[in-house]
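Colleague: I'd like to go through this model with you and ask what stands behind the labels you put on it. Could you bring it up?

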Amino acid sequence: MARFLARRIVQSVLVLWASFTLAFVVLYLLPSDPVAIMAAGGGEASAVTDEQVAELRETYGLDQPAWRQYLERLADAAHGDFGQSVANGEPVGRVIAESLPATLQLAGCALLVAALGGGGLALAATWVRRGWLRQALLSLPALGVSAPTFWVGLLLVQLVSFRWGLLPAFGNEGWDAIVLPAITLALPVGSVLAQVFAKSLRTALAEPYAETAWAKGASPARVHLGHAVRNAALPPLTVLGLLLGNLLAGSVVVESVFSRTGLGRTTATAVNSQDIPMVLGIVSFGALVFVLANLLVDLLGPLLDPRLAAERAERAVPA
Amino acid sequence: MARSRRRTALPAVLLVSLLATAACSAAGSSSRDGGVGDAGEPRSGGELNFALASDPVCVDPHQRATNDAIYPARQLVDSLTDQDPETGEIVPWLATAWEVDDEARTFTFTLRDDATFSDGTPVDAQAVKDTFDSVVALGAQAALGSGYLSGYAGTEVVDARTARVSFEAPNAQFLQATSTSALGILARSTTELPAEERCTGNVVGSGPFVLDEYTPNVSVVQSRRADYAWGSSLWRHQGPAYLERLTFTIIPESGVRTGALQSGQVDAIGGVAAQDEASLAAAGFTLASRPNPGLPFALTANLSRPLPADEAIRRAVSLAVDRQEVVDTVLSPSFTVATGSLAHTTATYTDLSELLPHDPDRAAALLDDAGWVPGPDGVRVRDGEELRLTAMWIPNFGPNENALQLIQQQLRAVGIDLRLRTVPLPELPAAQEEGDFDYFWGNTTRTDPDIMRTAFSADLRNIYRQPSGTPLQEALAAQNATTDPERRAATSAEAQRLLVEDGSTVPVFELTTVLGVADHVHDLDFEASSRIRLHDTWVS
């Protein structure tokens, strides 16, 4: 187990480094830089001189050669220091810390909706006996995955908020403001969960142990919920680790549509102004969340399925 | 040295009366220049929730140039002068009087003695000096202000109420610049802070509203100053503002903004999409609109490229564009066609519509004479080369793409193949620097004609690669080197004529600021640069 953990930690560090480097390369390759954008004054003509621009570049260290900027930023990042936003001078760490709670709240609610909705749909689809109903239920997730988040969000706002006046259309205040964004964000994630879970449930129900349970006279509920669900839960759980990334990415769109504050909006703003330190900080943070979530899922796996623990123990033995 | 003149307000009046005739004849369109109308006696109290289309990012009036940053920032600061949106006249605000020397290099302002910042310190000559010094120190971070102060030699504190600003070279546009929020006067407690600390909320001005809280991506909240008593001479009432509280809510989606207004969740919205205007009007909301002064939306030629360097081609492009069709097809009735190098709300605007006809036959004849003959697919060809032009544009205004696609068809009708190349806003400065375009599509808001020099001077950024030593360059320099209103109007008019005459710029339509306002909101006014001022606004 310790060796497994050590290997996973080394892998995680590599993932973090790679995402930082990739983000830096992409930002550096873009033809513009944040200082030029600032000096352009929002696309309108400005009379800022080249000297003034050069001065500002120096302030932010943007006049240094790329490799040097990279090494310095990497060294600082390794110490947890991502510097200051070029757009407004706020420390990157503080901006992320301040915008995180709102996004966590949103993502948490969305995850709950997705797990309950997606899991429930999968259970229902494998439970019902009528062929047409089962088909209809099984095709719902495909619809959910393919509907663009942006469009779903606007549709919900128009109907629920503007037409029926039930819930607010924007903002972070109050429990009611989170309902529509959470549903919008949960839709694609819940749909994927439903697809994976339904598939693994069907596989599990066709396994010999399910037959055995039937033969021993277990009730349908006992076979379904007791035997199959536990065995079928591992694939959706693994997928969930990957879907956390989707939740973070989806928050960029959802927070913009619903005018919410959070990491997604911060990301959109930072990318638009090519705020290099801010984007690097957010990308690294996202990678960290992703790595930790997957590590957690890997550690949870053996609890659900003891065979996994045995497998890992075996592999850990030197050949 | 130079003969000093008491108060330039008088010459300004002369200049303005000259312009007013021109402006009035052009302003008789359907647009409303006056903001939202009255309904009984103004009432003090209440709140206004105004939806902005984008995050201000920085609440410091000196640092951000977007409309959505200026709307809230404008309410926090007072300026030395104000500009009459109707006439373009520069009138007293914090400064009761001013003198400008003949060379437009020294500006002496006399301040009123009762104004204070919201931290209690007086608005005195030292504050003026600190403010301008700090704008210059901000440099590129104060993109607008540091441009207005280019060639700044310093501010002398003559006495507590007198500040003398001098420049190394003539800078006539500076007087108008003192009316903008980009040069709004800030307290020392703000100017001594580093740029980044001001962005997030440490902004102390002397304006009718005080910043309570800025939450990035959410809102800017302001409350009124009860002791405010030094409003601009242009305002409808003196004393504190009517509204107790202002909330600027940031709602990036235009459909959500419109819906929020219609469902009563906000009181007014900015950035109304052209396609939403009709439905808002039908639902009983007021559409307050005012054409932005400055450079209208135009196709402007890059003179370093071989095809647009040819005057025949540039003029053919101008003749082929049907401006009225663009306004009628892709915009709303709030918009007007461009009738010159400057929008009609700009000071010294000259009506040049006779130089901007839509005449595809003449365009075709010009191209025929230049040796461009129609090719097999309708695109003209000369010596095996196709008449293909690239227009670069940025998605900073919703209807841009549709307008350009229509212009593309109009040019195609005379055999010019216009290719469109969109650049994301962040990449614009680099793309302009690179110069890989034949035409650039864009506009700029400013009430002073000096905006032409900013855009076309061979000595500044010069993204259009204008050659130096031309009559245009002389006219551009001359209009910034004189305080004599007649001479300034004449040199500016000359520059305006030169720019459209040879097709260097092909103005198409004027940007119009359109706000959606609920019917319980009154006297939501526009200042001269078409940004909102909320001191007189009240709710019923």
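Modeller: Let me begin with B:Asp523, which sits in the loop between strand 23 (521-522) and strand 24 (525-526) of chain B. Keep in mind that this is a predicted model.

Colleague: Why is B:Asp523 called buried?

Modeller: Its relative accessibility is 4%. Buried means under 20%, so B:Asp523 counts as buried.

Colleague: And what makes the phi of B:Asp523 worth a remark?

Modeller: Phi of B:Asp523 is near 55 degrees, a positive value in a residue other than glycine. Most residues other than glycine have a negative phi.

Colleague: Which residue of chain A has a positive phi although it is not a glycine?

Modeller: A:Ser259 does, with a phi of about 50 degrees. A:Ser259 is in the loop between helix 11 (234-257) and helix 12 (263-272) of chain A. With a relative accessible area of 2%, A:Ser259 is buried too.

Colleague: Staying with chain A, how many helices and strands does it have?

Modeller: There are 14 helices and 0 strands in chain A. Its C-alpha atoms fill a box of roughly 85 × 65 × 30 Å along the principal axes, and buried residues make up 44% of its 319 residues.

Colleague: How do you know which contacts in chain A link residues 24 or more positions apart?

Modeller: Contact means heavy atoms within 4.5 Å. Among the contacts in chain A with a separation of 6 or more, 74% are between residues 24 or more positions apart.

Colleague: Give me a case from chain A. Where is A:Val283, for instance?

Modeller: A:Val283 belongs to helix 13 (residues 276-304) of chain A. A:Val283 and A:Phe20 are 263 residues apart in sequence, but 6.8 Å apart in space, C-alpha to C-alpha. Not counting residues up to four places away in sequence, A:Val283 touches A:Ser19 and A:Ala23.

Colleague: Why is A:Val283 called partly exposed, while A:Ser200 is called buried?

Modeller: For A:Val283 the relative accessible area is 28%. Buried is under 20% and exposed is over 50%, so A:Val283 goes in between, as partly exposed. A:Ser200 has 11%, which means it falls under the 20% cut-off. A:Ser200 is in helix 8 (residues 179-205) of chain A, and it touches A:Ala232, A:Pro235 and A:Pro236, leaving out residues up to four places away in sequence.

Colleague: Now chain B. Which strands form the open sheet, and in what order?

Modeller: 7 strands form it, in the order 8-9-10-1-11-22-12, with mixed pairing. Strand 8 (209-215) and strand 12 (286-291) of chain B stand at the edges: each has a single partner strand, so one side of each has no neighbour in the sheet.

Colleague: Last one: where are the domains of chain B?

Modeller: The domain assignment gives domain 1 (30-291 + 513-539) and domain 2 (294-510). Their C-alpha centres lie 31 Å apart, and 25 residues of domain 1 are in contact with 19 residues of domain 2.

Note on methods. Residues numbered from 1 in each chain as written. Chains lettered and ligands numbered in written order. Predicted model: local features only at pLDDT ≥ 70, side-chain atom pairs only at ≥ 80, totals over all residues. Heavy atoms only, no water. Helix = DSSP H or I, 4+ residues; strand = E, 2+ residues; numbered from the N terminus. Buried < 20%, exposed > 50% of the residue type's maximum accessible area, 1.4 Å probe, protein only. Pairing = 2+ DSSP bridges. Domains from an automatic or database assignment.
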